[in-house]
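Please work through the exercises below with the sequence and the structure at hand, and try each task before reading its solution.

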Amino acid sequence: LDSRFPVPQVRPPDSQMTDAETLQQPAAARGRVIAVANQKGGVGKTTTAINLATSLAQAGRRVLLVDLDPQGNLTSGVGLKGKRGPGGTVYDALVSDVAPESCVLQTAVESLWLMPADRNLTGAEIEMVNLPEREGRLRRFLGHLGKNFDYQIYPGATHHFGLIQVEGRNGPAIQDAWKRTLAFFKERLQ
């Protein structure tokens, strides 16, 4: 691994806690954000995100996958199609005042959680037009969740320019991840 991308220390899993209690525990280190993106569709962004997240979780890292696609392919890919957290999906977290933790589901893989999406997310941008501070809603609730995970992974296409995707792609943590990744590859390709 490159020294510019240090891996957070592994915390021992605490299997005595329920999922809700586990999500409330602070992470040992600030979580890392990984954006898996490409302008072209069908190049394996979702598959890469699922495989990377699963590998990190199996190595003892606490990982959150966030599905920001109304098609919900990431949600389906981890076997949770049609499932919702007690508070709903990423849609509900964006358009209402539910606690973000209540929209997160444990997957079949220990230490791997998902904030699922469904087709309702299609209408979120229109519904958010009249909401106060709509431009920062995604950043705020994901930032809040980030302290509970070693990694947050976001697959997506860079050509989406709706409010959700633009904010997600340009949120400070995701933007920082993009810059580091681009700099890493630019240096290697020269």
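The exercises that follow concern a predicted model.

**Exercise 1.** Determine which strands pair with strand β4, and in which direction each pair runs.

*Solution.* Begin with strand β2 (residues 63-66), which is joined to β4 by four bridges, the two strands running parallel; within this pairing, Val-63 has Leu-112 as its bridge partner. Turn next to strand β3 (residues 105-106), which runs antiparallel to β4 and is joined to it by two bridges, with Leu-105 standing opposite Leu-114. Finally, look at the hairpin of β3 and β4, where five residues lie between the strands and Ser-111 takes a positive phi near 75°.

**Exercise 2.** Decide whether the residues on the two faces of strand β4 are buried or exposed.

*Solution.* Recall that side chains in a regular strand alternate between the two faces of the sheet. In β4 (residues 112-115), Leu-112 and Leu-114 lie on one side, while Trp-113 and Met-115 lie on the other, and all of them are buried, which leaves both faces covered.

**Exercise 3.** Classify the ring pair formed by Trp-113 and Phe-149.

*Solution.* The ring centres are 5.4 Å apart and the planes stand at 65°, so the pair is edge-to-face, given that plane angles over 60 degrees count as such.

Note on methods:
Residues numbered from 1 in each chain as written. Predicted model: local features only at pLDDT ≥ 70, side-chain atom pairs only at ≥ 80, totals over all residues. Heavy atoms only, no water. Buried < 20%, exposed > 50% of the residue type's maximum accessible area, 1.4 Å probe, protein only. Pairing = 2+ DSSP bridges. Phe/Tyr/Trp six-rings, centres within 6.5 Å; stacked < 30°, edge-to-face > 60°.
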